[in-house]
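These are my notebook entries on one structure. I set down what I looked up, in the order in which I looked.

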Amino acid sequence: MVSAVASLELFNTLSGKLETLEPVGAPALRMYACGPTVYDYGHIGNFRTFLHVDVLRRFLRQQGMAVEHVMNVTDVDDKIIRNALAAGKGISDYTARYEKAFFEDMDSLGIERPEHLPRATEHIPEMVTLIERLAAKDIAYRTEDGSWYFRIARFPDYGKLSKKDFDGIEDGARVDVDEYEKDAARDFALWKAVKTGPDGVPEPSWQTALGAGRPGWHIECSAMATSLLGESFDLHAGGEDLMFPHHENEIAQSESASGHTFARHWMHVRFLLVEGKKMSKSEGNFYTLRDLLLKGHRASAIRYLLLSVPYRHQMNFTFEALSAATNAIDRLRTFHARILRGGFVAGANEAVRAATAKAAAEFTAALANDLNTAEAAAAISEMVRAANSSADAGTLGAENADEILRVLTTFDGVFAVLVDRDAELTKAALVWAQAEGRGDEASAELVARMGQSDAEIDALVAERTQAKKTRNFARADAIRVELTAKGIVIEDAKDGVRWKRK
Ligand code: AMP
Ligand code: ZN
């Protein structure tokens, strides 16, 4: 029961208020989200941001809005060059495995693929053209070493996104690194002249009209966004750390070149924290998705956990919360299976019918209100409670079941946790760890559990059923004990035996 189409009120960092998000000048909503820098495996903080952008696109599509979503892959930057040189590899050789891992992790977490996935290194000509346009206006200037910088004194709106007041901008003060102090109002690099690495090896570079060099990070996104979505588009998203300097610089470059508003709406996902600190590579307080799968946690629970706190609040990662998310998923899946199994009385229980309609309306209203995932999930949980107690009392009607299934489908269109691919994903993580020589990071219990194929378990379950038929209860019990030890739960139901991995 999908309630009437709701429009999305989304907080806009630029205006500082909730605004209706809608496509302007095109049928589809055009959105750009800064993608990963593929220099290492992503951590679950990174994925928190990508997951909430996934909720945005799934909800918009559920509401009948087409989206044209671009997510770039940053495959050249300071860190990539440093690591590739250290590994004695070319940058594309170096980034290929992390890019592949990133997309595998996206799939494991149920994150839909954006319509466009441009790589920075495949859009160098567009970056050069953009810098040339800025140079023609004397907003980009060349320095002695052959690098090009953006003159921020020429962009009076500098600071409008991050609401920083850069009074008395010092003309010509420069910074050549992509990520810098939060209060620096400095001319930033658009194009970095080729340098020689520590061992005298030249850094990767492109020979262009600007000279030999490589793009700065900020120009990458401006060039890819405008070439795929146009000079003005609807929404730009990223994690909160990107607001300054990255997004501020994207605005300065793009709007100086085009004279038009770059993105109308800006969405920033707040950090995932560990003990009050941002989860990050540099703090060393991070978990990758693979780390958690190898510890025996489920991909679905990680998705559900990271969505449990709305995107505009920071969220603290704890293992207690992860096990609560695991329990929540079990409850939802068990409920879903119960409703699918049927066997309810004819007609409908009116109280449950009302609870179901209320849950559907509240689910959509919560998401329409700045993507409040916590309230959306709570609405569904309340429906599960009401329907379970009615089913326990034998009063749940077949018509209720149909209505409930429609609401669960709507829920899962956004949350995407009901279909159980967890064992398969954990197994894939184990295979990966073994191939990488990291098999010993997997818990012994997990290895034992995943070593058992579905066919082997099916055979044991069938043997147990047979043993029960022939009244060989000792054997039947022994099989149950063996399966339990392997983390397999069996449920005896009217219509047969089911099993699942715990
Ligand atoms: P990166 O690969 O470092 O460029 O980051 C990819 C995305 O993850 C960016 O949108 C970042 O803002 C975001 N991000 C990084 N750390 C966190 C964190 N702890 N919590 C949420 N998002 C993060
Ligand atoms: Zn970006």
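Entry 1, the metal site. I began with the rule for a donor: an N, O or S atom counts if it lies within 2.8 Å of the metal, and because water is not among the atoms, a site may look incomplete. The model I am reading is a predicted one. I then asked which protein atoms are the donors of the zinc ion (ligand 2). I found SG of Cys34, SG of Cys221 and NE2 of His246, at 2.0 to 2.2 Å from the zinc ion. Along the chain, I noted the spacing of these donors as C-x186-C-x24-H. Cys34 belongs to the loop between β3 (29–33) and α1, and Cys221 to helix α5 (residues 217–229), so this pair ties together parts that are 187 residues apart in sequence.

I next looked up where ligand 1 sits, and I found it in the largest pocket. I counted 17 residues around ligand 1, and the closest are Gly45, Thr49, Asp241, Leu272 and Met279. By class, I recorded six nonpolar, eight polar and three charged residues in this shell. I also asked which element gives the most to the shell. It is α1, with four residues. Both α1 (44–62) and β11 (233–239) supply at least two residues each.

An oxygen atom of ligand 1 lies 3.0 Å from a backbone N or O atom of Thr37. A nitrogen atom of ligand 1 is 3.0 Å from a polar backbone atom of Gly45. For Asn46, I noted a polar side-chain atom 3.1 Å from an oxygen atom of ligand 1. I then looked up the area: ligand 1 taken alone exposes 500 Å², of which the protein buries 92%.

I looked up the peptide bond between Phe244 and Pro245 and found it to be cis, with omega of about 0°. Pro245 lies in helix α6 (residues 243–258). Lastly, I noted that Glu275, although not a glycine, has a positive phi of about 45°. I placed Glu275 in the loop between β13 (272–274) and β14 (277–278).

Conventions: Residues are numbered from 1 along each chain as its sequence is written. Chains are lettered from A and ligands numbered from 1 in the order in which they are written. This is a predicted model: local features need pLDDT of at least 70, side-chain atom pairs count only at pLDDT 80 or more; totals for chains, interfaces and linings use all residues. Side-chain values use heavy atoms; hydrogens and water are left out. A residue is near a molecule or strand if one of its heavy atoms lies within 4 Å of it. A polar contact is a pair of N or O atoms within 3.5 Å; within protein, one must be able to donate a hydrogen and the other to accept it, and residues adjacent in sequence count only if both atoms are side-chain atoms. Accessible areas come from the Shrake-Rupley method with a 1.4 Å probe; for residues, only the protein chains shown count as cover. On a 1 Å grid over the protein atoms alone, a cavity is a set of points where a 1.4 Å probe fits but cannot get out, and a pocket is an open set with protein on both sides within 12 Å along at least five of seven lines; lining residues have an atom within 4 Å of a point. A molecule sits in a cavity or pocket if more than half of its atoms lie within 2 Å of its grid points. Ala, Val, Leu, Ile, Met, Phe, Trp, Tyr, Cys and Pro count as nonpolar, Asp, Glu, Lys and Arg as charged, and the others, Gly among them, as polar. Donors are N, O and S atoms within 2.8 Å of the metal (3.2 Å for Na, K and Ca); water is not among the atoms, so sites may look incomplete.
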